[in-house]
Amino acid sequence: KIFCNIKVSFKTLGGDLMNRNKLESQLKLKGIKVKEFIKKLEDYGLTISKSTYYKRMKGECEFDTKEIKAIVHVLGLSAEEMNDIFFEEIVSKKTL
């Protein structure tokens with residue numbers, strides 16, 4: 001049996017957006033500055049301006065699925081790390 005965790009984003013639940021501190025911690029742990037991070041995202045195929053990145057970090061708008069996928073790839077995040085940063089809680093478990 002395969003278990004699939006279904007998650008809901010912070011914004012959907014009416015709370016804060018993603019966990020900014022955890023994302024910033026990942027950048028610091030890996031020694032990546034914002035300008036370099038944006039360049040790595042572009043190299044991966046995601047075009048994002050510095051101002052758009054900061055709007056997302058301030059919670060003015062959410063990172064979309066494509067952006068989250070690129071961030072996960074560039075930072076080499078595990079599924080657990082991704083969930084801790086971008087999602088609040090497991091809403092349900094479904095057996096496939």
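## Glu-67 and its partners

The side chain of Glu-67 comes to 2.8 Å from the backbone nitrogen of Asp-64, a polar contact in the sense used here (a pair of N or O atoms within 3.5 Å; within protein, one must be able to donate a hydrogen and the other to accept it, and residues adjacent in sequence count only if both atoms are side-chain atoms). Glu-67 also meets the side chain of Arg-56 in a polar contact of 2.9 Å. This is a predicted model, where local features need pLDDT of at least 70, side-chain atom pairs count only at pLDDT 80 or more, and totals for chains, interfaces and linings use all residues. Residues are numbered from 1 along each chain as its sequence is written, and side-chain values use heavy atoms, with hydrogens and water left out.

Is Glu-67 buried or exposed? With 5% relative accessibility, Glu-67 counts as buried (under 20% relative accessible area; exposed is over 50%, partly exposed in between, with a 1.4 Å probe and protein chains only). Setting aside neighbours within four places in sequence, Glu-67 is in contact with Leu-46, Ile-48, Arg-56 and Glu-62, contact being heavy atoms within 4.5 Å.

## Helix H4

Glu-67 sits in helix H4, which covers residues 65–75. Helices (H or I, at least four residues) and strands (E, at least two) are DSSP runs, numbered from the N terminus. Besides Glu-67, the buried residues of H4 are Ile-68, Ala-70, Ile-71, Val-72, Val-74 and Leu-75.

What happens at the ends of H4? At the start, a side-chain oxygen of Asp-64 gets to within 3.1 Å of the backbone nitrogen of Lys-66. Just after the helix, Gly-76 adopts a positive phi of about 65°.

## The aromatic rings

Searching the whole structure turns up four aromatic pairs (rings of Phe, Tyr and Trp, the last by its six-membered ring, with centres within 6.5 Å; planes under 30 degrees apart are stacked, over 60 edge-to-face, the rest tilted). Phe-37 and Tyr-53 make an edge-to-face pair, because their ring centres are 5.9 Å apart and their planes stand at 75°. Phe-37 belongs to helix H2 (residues 34–44) and Tyr-53 to helix H3 (residues 50–58), so this pair ties together parts 16 residues apart in sequence. Phe-37 is buried at 0% relative accessibility, and Tyr-53 is buried at 1%.

Tyr-53 also pairs with Phe-63, this time tilted, at 6.5 Å centre to centre and 55° between the planes. That pair links distant parts of the chain, with Tyr-53 in H3 and Phe-63 ten residues away in the loop between H3 and H4. Phe-63 is buried too, with a relative accessible area of 9%. Ring pairs join Phe-37, Tyr-53, Tyr-54, Phe-63 and Phe-86 into a cluster.
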